[in-house]
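Let's take a walk through a protein model together. Keep the sequence and the 3D view side by side, and follow along as we go.

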Amino acid sequence: MNFTYDGYCSLLSLIEQSGYEIVNYNNWEDTKRCVILRHDVDNDLSKALKLAQVEQSKGVKSIYFILVTSDFYNIFSKDNSKKISEIIKCGHQIGLHFDETIYSIQSENKNDEVCSKILYEAKLLEMAADTPIKVVSMHRPSKEMLIEKLTIPGMINAYGSPYFDEFKYLSDSRRHWREPVEEIVASGKYDRLQILTHAFWYDAEEKDIHDTVKLFINSANRQRYEAYGKNFTDLASVMGINETC
């Protein structure tokens, strides 16, 4: 499968042709053959919005899991708040992407404390996104967290039961499908699929993992320049944008 928007659209078409209905974490029990499409937004809300628009053009609704603790985007900034709002306007849900490594929890009641942090972050994301946050996915979950299948009051855990017991889980982590997603969809072997993609890896043209990462890292200077220019009068008189690399 190509990591392009056309390649992703081909996967969406294959899902439909294979007799699956695209559902969400709230209504999947009403459908025997179904797919939950989810996207973890690790580092780039712009890419998430682009994929959300691609899905909208195909009449597809999915869920985007957003980090409150990202090193790469601030959910409360004006630009990013607008991007989140646009994703919602495309018809998609927003969920919390939770990074347990942010916190140093050593107590005997670790699970209770993790639940408390998840609920706290969910409230923050609700304020930023102006929408209820009722689903959480774990960011690079530890083996312990996967085994625990944590139950969070009032929230759905995308890594909990039944989403790993009754669904076949497929992921493109690190721009690599560990199992052939198209073959599995086309085979119809599984009645229920949970497909995780990362919008970061997809583009109009095919790029390998090196070029995708390089472009993201090298674009940071230009993005900082543009952001700083909104808060610094006549930045160009001090430094030109062509001086960024």
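Strand E4 and strand E5 (residues 135-138) run parallel and are joined by 3 bridges. In this predicted model, you can look for phenylalanine 98, which stands opposite methionine 138 in E5. E4 also has a partner in strand E3 (residues 63-67): these two run parallel as well, with 5 bridges joining them.

How do you get from E3 to E4? Together with helix H3 (residues 78-89), the two strands make a right-handed β-α-β unit. Strand E4 itself, residues 93-98, is mostly covered, with 5 of its 6 residues buried.

Now let's turn to the nonpolar residues. In soluble globular proteins, nonpolar side chains tend to be buried together. Here the largest nonpolar core has 61 residues, and those touching the most other members are Ile66, Leu96, Ile118, Val185 and Ile195. Helix H4 (residues 110-129) gives the most to this core, 8 residues. Another core, of 12 residues, lies apart from it and includes Tyr25 and Val135.

Our last stop is leucine 150, in the loop between helix H5 (143-148) and strand E6 (156-157). Is leucine 150 buried or exposed? Leucine 150 counts as buried, because its relative accessibility is 6%, and the cut-off for buried is under 20%. Beyond its neighbours within four places in sequence, leucine 150 is in contact with residues including Val114, Ile118 and Met138.

Conventions:
Residues are numbered from 1 along each chain as its sequence is written. This is a predicted model: local features need pLDDT of at least 70, side-chain atom pairs count only at pLDDT 80 or more; totals for chains, interfaces and linings use all residues. Side-chain values use heavy atoms; hydrogens and water are left out. Helices (H or I, at least four residues) and strands (E, at least two) are DSSP runs, numbered from the N terminus. Buried means under 20% relative accessible area, exposed over 50%, partly exposed in between (1.4 Å probe, protein chains only). Contact means heavy atoms within 4.5 Å. A nonpolar core is a set of buried Ala, Val, Leu, Ile, Met, Phe, Trp, Tyr and Cys residues joined through side-chain atoms within 4.5 Å. Two strands pair if DSSP finds at least two bridges between them. A crossover is right-handed if, with the strands pointing away from the viewer, the path from the first strand over the helix to the second runs clockwise.
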